[in-house]
Amino acid sequence: MPEGVSMTKSSDTPVLSVVVPSFNQARFLGENLSELLAYPGQVQAIVMDGGSRDGSAEMLERLLGNSHIWRSGPDGGQSAAINEGFSKATGAWVAFQNSDDFYVPGSLGPILNLMQTTDADLIIGGAAACDVDGTVFKTMTPKPIFYPCMSVMNFINNQSLFVRRSYLEKIGYLDPSLRFCLDYEWFLRLLRGRPKIVLLYDTVGVQRMHEDTKTSNIKHIHDQEFSELRMKYFSFGERLLGKFSIGAYRVFRFLWPVLVRRNRATAS
């Protein structure tokens with residue numbers, strides 16, 4: 001397929017549009033797209049490939065054909081690719097999933113049902129981290145978010161975050177000037193809009209940790225961007241409150257999954 005080609009399905013309006021930015025990640029694309037393709041007509045895959053030379057375009061043509069949206073060609077980087085994908089989304093809900101990450105098989109079914117009944121602006125599910133081979137070594141149960149503590153560290157995973165598209169249009173897309181904290185800055189704006197949030201406690205998205213990820217390679221840029229953003233989005237009082245309450249909040253976050261499991265066991 002020639003570079004820059006885009007294919008689109010114009011029929012049924014999907015419930016969820018998932019944007020996948022990608023560059024030379026053909027070895028992970030199949031697993032990434034598997035759960036998206038399991039719900040025809042309900043989930044719209046939007047793959048923004050940056051002109052890969054590893055067979056990604058051929059794989060996208062084979063897997064997505066003209067039933068979803070994809071293109072392969074030079075772009076302005078991760079944020080620009082995600083923003084382009086958001087602009088093409090037609091689902092009532094949107095999400096983005098990096099091409100080396102993936103949704104747990106079967107996890108989107110209950111979420112699609114919830115999306116059609118809830119009045120929430122955000123849905124946050126459980127997340128996990130795995131190694132390059134897909135072996136999970138950490139799971140993260142979503143917890144209620146105390147905004148001042150977000151000035152100390154980020155407690156949201158894009159791998160399991162879903163945003164109502166009308167709320168996305170209200171808050172805005174990602175900041176393309178950021179290289180590392182593009183998701184963190186976006187999360188802060190989402191939270192400052194005072195959204196209604198629904199938490200789901202089953203693991204939905206999995207983040208793959210390996211040596212080629214930006215998390216591994218540009219930590220110094222993360223630290224600089226994080227420091228600038230906390231000064232921009234948090235008042236002095238909020239930063240102070242976050243600093244002195246982070247210990248208690250971490251204890252709460254540690255105990256929260258235990259309380260959730262106990263309540264779920266009682267309910268069943």
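A residue is called buried when its relative accessible area is under 20%, exposed when it is over 50%, and partly exposed in between, using a 1.4 Å probe and protein chains only. The structure is a predicted model, in which local features need pLDDT of at least 70 and side-chain atom pairs count only at pLDDT 80 or more, while totals for chains, interfaces and linings use all residues. Residues are numbered from 1 along each chain as its sequence is written, and side-chain values use heavy atoms, with hydrogens and water left out.

The predictor's confidence in each residue is given by pLDDT, from 0 to 100. The chain averages a pLDDT of 91, and 92% of the residues score at least 70. Over residues 7-11, however, pLDDT stays under 50.

Helices (H or I, at least four residues) and strands (E, at least two) are DSSP runs, numbered from the N terminus. Helix 9 spans residues 236-267 and has a kink of about 55 degrees centred on Ser245; the bend at a residue is the angle between axes fitted to the seven residues ending there and the seven starting there. Ser245 also belongs to the buried residues of helix 9, which include Ile246, Tyr249 and Trp256. Among the elements that cover these buried residues are strand 9 (197-208) and helix 8 (219-233).

Rings of Phe, Tyr and Trp (its six-membered ring) pair if their centres lie within 6.5 Å; planes under 30 degrees apart count as stacked, over 60 as edge-to-face and the rest as tilted. The whole structure contains eleven aromatic pairs. In one of them, the ring centres of Phe146 and Tyr249 lie 6.3 Å apart with their planes at 55 degrees, so this pair is tilted. The pair links distant parts of the chain, 103 residues apart: Phe146 lies in the loop between strand 7 (136-140) and strand 8 (161-164), and Tyr249 in helix 9. Phe146 is partly exposed, at 32% relative accessible area, whereas Tyr249 is buried, at 6%. Tyr249 also forms a stacked pair with Phe252, with 6.0 Å from centre to centre and 20 degrees between the planes. These two residues are separated by about one helical turn because they are three residues apart in helix 9.

Cys181 lies in the loop between helix 5 (165-171) and helix 6 (182-192). Cys181 is buried, with a relative accessible area of 2%. Contact means heavy atoms within 4.5 Å; not counting residues up to four places away in sequence, Cys181 touches His222, Glu225, Phe226 and Leu229.
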